[in-house]
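Hi,

Here is the structure I promised to pass on.

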Amino acid sequence: MAGEDEERLLKNEADDISEADEDERYDEEVAKPKWSNAKIVLVVGLLCILIIGGLQLWSPWKSQDANHEDKASASEGAQHSATSSASFLPTEPSTLLGDNQGQPGTNKEQPPVISPSNYILSKDWTIDTNPTRREYEWVVTDVEFNPDGVYRPMMVINNQFPGPLIRANEDDTIVVHVKNQAANATSFHWHGIYQNGTAWMDGSVGVSQCPIPPGGEFTYEFQIKGQYGTYWYHAHQGAQASDGLVGPLVIHSKDEKRLETIPYDTDQVVMVSDHYHNLTSELMMKYLASDAENAEPVPNGALINGRDEHNFAVVEVDGTAVTPKYYDRFTINSAQRYSIVVFANSPSGDSWWLRAKMLSSCFTDAPKDLDAEIRAIITSNSTNTTLPNSKEFDSSLEPICKDMNTTELHPVEAIRPPEKADTTFYLRANFEIGAWRLSRGVFNSSSWRPDIQRPTLHRVIDGLQEKNTSFNTVPGSASSFVNDVAFDSKKELVIQSTGIQVIDFIITNFDDGNHPLHLHGYKFFLMGQGHGYYDAETYKADMTNPLRRDTASVEAYGWLWIRVIADNPGAWPFHCHITWHTEAGLLMQLVTRTDMLEHMNIPQPNRHLCSSPKAELLKGGTPEDQVFYGTIG
């Protein structure tokens, strides 16, 4: 659902959707997210279950042992209050280098800039303005950096890790000029942004664009339409998000002040990520090799277990405002975002621990010396340099690798899903070992392989304009169908639709691991999740106000049911957000509103990227299967 102006459908008349004018769109004017004292944004572009060993709490600060004797220095520029979380203390003063004033480089003596004040959202931000064009200049470079004390090669934006905060209002236009001075090709995906009318700016390599080659330049430009909340951006070439190309993206609602239900004093973005000491391109070669049998590199999963001695209210999920619900800890999965409001009323003083605890039972093969818990310091007193003495809650989370129970999280703006779907697709998700003992991710016997020089969106628009009959709807069939004529379904499973369609996906997971599934270009209605097989006779979905989000997990040997209002013209990946799994093939595509795509044109700068030599575009990407042929006896 990526709507703009269809008020009638918002008033629970979605069952009439097939009769709507094709130029009208299913609207989602949800109430604004309650901008919290601390935004928890999960940035795990690659891993298995949740977040995994070597995990870092980017906000940015470094993990710390509770018994560490060194004292932390207070973060610069933080605002403080007796009723809110305020600042985050890095564990070593050397990691606090100022407010993003560094220049690109690869010198160990000039590491990327990290400052907690970079991600504090100032309260003097103006929301009541006319639509604004917000431009950013990014330079992508290779550096050697030590976020956890161990130097490793990384890719960074403007010499900063994590990347710069992008902040905008509804209806603003975001413009990002990217100069790629790194050795590898790259691209950027704006996770959760609908890209309504600009599908070619989605950033997904092989689907909406070709990558930006080394030495190349490209400008992303898109307007924020009909959405607001907490989002993020990350590289979408191979698994480069874990090499350093990630950052937060916050969109403010026009009605933010009026709809605020929980007052706050400080607004802070917190990013949580896995961390490796090797480039992901090296790890990918080992992961995809013969006989690897889907053994993801460790770290590969984790939990956000809340704050010591503090309850907090969850007020936003993946950009959807929800009625506040209080917890002392919760589970967060790959690519998901939650906004929480924390009240700084700890009996242990003005500083306390933020804990991220990993579920080691979810790991493929966790090392014995892996520390399952990492911590950061939150303080409401900028002069306090002592370590907290707060204690962890006695309660614990169920040690199962799956999403938190979201059935009690209800959107502030109640929207009924359409009463029934026009078409239902059943998807089987699993891993299979094929030729040369290569383990690959599969949706219904299809394992995705990108066409690096001919993205899906380009082929579809060109084919429609050329009246290529392979893109025609089959006479007498549903308006949503698997197009196995224009696409080789063995490596590209593409569901195509025309007009506004209501599509159900029921995914059954035959794998022994959890898969957090993300849909580009949309939010979907989360109709249900469970263990075992979905039973339509016994399961009753919430048809009044189910959660709307863009990333939901199907647990091991479980099922997931989502309902999509397919109204956004474009080619949209639906994939596991454990990036190892995506690159192993666990991705399919939705090509929606072909009736509108036929009248759109791919901008020339996008086509120019695809004219680069294939060898340049493949740099930093996932190796092709034939690389491994002949590697076993």
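To start with the cysteines, Cys-610 counts as buried because its relative accessibility is 12%, where buried means under 20% relative accessible area, exposed over 50% and partly exposed in between (1.4 Å probe, protein chains only). Before you read on, this is a predicted model, so local features need pLDDT of at least 70 and side-chain atom pairs count only at pLDDT 80 or more, while totals for chains, interfaces and linings use all residues. Residues are numbered from 1 along each chain as its sequence is written, and side-chain values use heavy atoms, with hydrogens and water left out.

Searching the whole structure turns up 1 disulfide (a pair of cysteine sulfur atoms within 2.5 Å). Its partners are Cys-210 and Cys-610, with 2.1 Å from S to S. The link is right-handed, with 105° about the S-S bond. It ties together distant parts of the chain, 400 residues apart: Cys-210 sits in the loop between strand 8 (188-191) and strand 9 (217-223), and Cys-610 in helix 7 (residues 604-610). Helices (H or I, at least four residues) and strands (E, at least two) are DSSP runs, numbered from the N terminus. Cys-210 is buried too, at 0% relative accessibility, and Cys-576 is likewise buried at 0%.

Next, strand 16 (residues 337-342): 6 of its 6 residues are buried. One side carries Arg-337, Ser-339 and Val-341, the other Tyr-338, Ile-340 and Val-342, and both faces are covered. Strand 14 (residues 312-317) runs antiparallel to strand 16, joined to it by 5 bridges (strands pair if DSSP finds at least two bridges between them). Phe-312, for instance, has Val-342 as its bridge partner.

Then the aromatics. I count 24 aromatic pairs, meaning rings of Phe, Tyr and Trp (its six-membered ring) with centres within 6.5 Å; planes under 30 degrees apart are stacked, over 60 edge-to-face and the rest tilted. Tyr-534 and Tyr-539 make an edge-to-face pair, 6.3 Å centre to centre with 65° between the planes. Ring pairs also link Trp-138, Phe-188, Trp-190, Phe-218, Tyr-220, Phe-222 and Tyr-233 into a cluster.

Some of those names come back in the largest nonpolar core, which has 108 residues: Trp-138, Ile-174, Phe-188, Trp-190, Tyr-220 and Phe-505 touch the most other members. A nonpolar core is a set of buried Ala, Val, Leu, Ile, Met, Phe, Trp, Tyr and Cys residues joined through side-chain atoms within 4.5 Å. A second, separate core of 10 residues includes Ile-415, Ile-506, Ala-541 and Trp-561.

Cheers
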